[in-house]
Structure formats: C-alpha cells, structure tokens
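Please look over the structure shown here before reading on. The briefing gathers a few local features by topic.

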Amino acid sequence: LGIRAAGEAEIFLIMANLDPSKGYKGITCFVAEKGFEGLEVGNREDKLGIRASSTCPITFTDVVIPKNNVLGEIGKGYKYAIEILNEGRIGIGAQMVGLAQGTFDLTMPYLQERKQFGQPIGNFQAMQHQYAEAAVEIEAARLMVYNAARRKQNGLPFVKEAAMAKYYSSQVAARVSRSCVEWMGGVGFTKDMPQEKFYRDNIIGSIYEGTSNIQLQTIAKLVQKEY
C-alpha cells in the first residue's frame with residue numbers, strides 16, 4: 001500500500017477487521033509505532049507530482065499490536081476513517097485553491113511583459129476573457145471551501161459541501177494550471193518555469209481523499225435525500 005508521508009511518520013493508524021462476518025462494522029482502528037517488529041516502510045515512490053511529500057509502501061509481517069493500542073471503540077474504525085476523509089476533503093479543497101491561485105499569480109505578470117503586435121498579450125480580448133474566467137473560478141472555489149469549513153466549525157452538516165468544495169476546486173486547479181502553461185507559450189512547457197510543477201501537482205487533487213467520481217456519488221446521494 002502506498003501511504004502518504006510514510007517516510008516521515010512515526011505513528012500509523014491501522015484499520016483492521018476483527019470480525020469479517022460483520023462487514024465494515026468489524027473494522028477497528030489500531031495505533032502502531034514505526035519501530036514495531038514486522039512493520040516495514042519501503043522506498044519512496046517516484047511520483048508525477050507533490051514530490052516533496054513522501055509516498056511509501058508499508059508491509060506488515062506478523063505485527064503484534066498491544067490491546068491498549070486500540071483507538072476509540074472496537075468496530076468503529078470505518079466510522080473514524082470516513083469522518084477523517086470527510087474533514088480532509090476541506091483541506092484538499094484549500095490545497096487546490098492555493099495551487100490555482102499560486103500558478104495564476106505567477107503567470108499574470110508575464111501576460112503584461114510578453115508583447116506581440118506592439119502590445120502585451122494580456123491586452124488581447126481573447127486572453128482577457130480566459131484569465132477573467134479563471135479568476136472567477138478561483139474565487140468561487142475559495143468561497144466553497146470557506147463555506148464547508150464554516151459549516152464544519154459551527155457543528156452543521158458539511159459532508160455534501162466538503163465533497164462539492166473538493167470536487168470543484170480540483171477541477172478549477174486542473175483548468176487554471178493547464179491554462180497557465182498555455183498562456184506562457186513554449187517557455188511554459190519547460191522545467192525552467194514553475195508552471196509545469198503546478199500542472200503536475202494539481203492532478204492528485206482529483207484522486208486522493210476520494211476521487212472526483214466518489215465526490216459526485218456522495219453529492220448525488222445527499223442531494224437525493226433532500227427531495
């Protein structure tokens with residue numbers, strides 16, 4: 001299993017099923033330490049993006065976990081995992097908003113510096129419409145993330161809003177980071193410029209903490225319940 005930040009982690013939460021006959025209700029959460037016998041962290045994966053964050057396989061060979069290392073209640077592991085994922089989607093949404101804003105901020109000055117036909121390329125209407133639309137999408141994604149965080153902080157239902165924020169912000173990050181590479185022209189396709197890194201980093205946004213299809217499925221179920 002590829003586990004994010006496994007290379008730096010000292011503590012691991014392990015979800016294991018104590019009673020498979022109960023299905024997901026048999027899943028229990030255990031706390032394991034890096035030094036436990038039989039727990040081995042493998043080499044870092046050579047990833048496309050977010051390369052500063054380690055992702056390593058973890059193997060378990062006859063690992064013995066003390067009874068006192070049960071986290072919470074027996075059989076509640078699935079519930080804890082889902083709660084962590086639901087909250088984490090707000091964080092991923094914020095990450096994607098920051099990524100989109102970051103590459104946008106780095107690209108916009110270039111559109112005023114680069115000149116064609118006697119004027120900055122950012123003055124052409126076709127370009128203006130593109131970066132105006134990107135600015136609108138970034139702001140919309142930011143407000144969706146803020147709303148999900150506000151609802152969570154105030155104890156209100158937030159699962160649907162978190163899924164929406166995560167889904168939409170990852171889509172915005174993908175569109176904006178790709179557009180910024182294109183706006184830079186040929187130089188944007190080189191590793192000398194930071195836009196290509198943002199472009200690579202955005203891809204994980206539609207994968208981890210639940211893929212975009214999972215977000216849509218969650219949203220659909222919750223919208224259905226409203227009617």
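Predicted model: local features only at pLDDT ≥ 70, side-chain atom pairs only at ≥ 80, totals over all residues.

Residues are numbered from 1 along each chain as its sequence is written, and side-chain values use heavy atoms, with hydrogens and water left out.

**Arg89**

- Arg89 sits in helix H1, residues 77-113 (helices are DSSP runs of H or I with at least four residues, strands are runs of E with at least two, and both are numbered from the N terminus).
- Arg89 is buried and yet has no salt bridge, the nearest side chain of opposite charge being that of Glu209, 5.7 Å away; buried means under 20% relative accessible area, exposed over 50% and partly exposed in between, with a 1.4 Å probe and protein chains only.
- A salt bridge here needs a side-chain nitrogen of Lys or Arg within 4 Å of a carboxyl oxygen of Asp or Glu, and for charge Lys and Arg count as positive, Asp and Glu as negative, with His and the chain ends not counted.
- The Arg89 side chain does make polar contacts, with the side chain of Asn86 at 3.2 Å and with the side chain of Gln215 at 3.4 Å (a polar contact is a pair of N or O atoms within 3.5 Å, one able to donate a hydrogen and the other to accept it, and residues adjacent in sequence count only if both atoms are side-chain atoms).
- Beyond its neighbours within four places in sequence, Arg89 is in contact (heavy atoms within 4.5 Å) with residues including Ala162, Lys166, Ile214 and Thr218.

**Helix H5**

- In H5, residues 212-225, Ser212, Gln215, Thr218 and Ile219 are buried; they lie on the same side of the helix because they cover an arc of only 120 degrees around the axis, taken from the directions from the helix axis to the C-beta atoms.
- These buried residues pack against H1 and helix H3 (159-183), whereas Asn213, Lys221, Gln224 and Lys225, on the other side of H5, are exposed.

**Loop residues with positive phi**

- Most residues other than glycine have a negative phi.
- Ile50, although not a glycine, has a positive phi of about 35 degrees; Ile50 is in the loop between strands S4 (39-41) and S5 (55-60), and counts as buried at 15% relative accessibility.
- Asp62 has a positive phi near 50 degrees and lies in the loop between S5 and strand S6 (70-71), where Asp62 is exposed with a relative accessible area of 72%.
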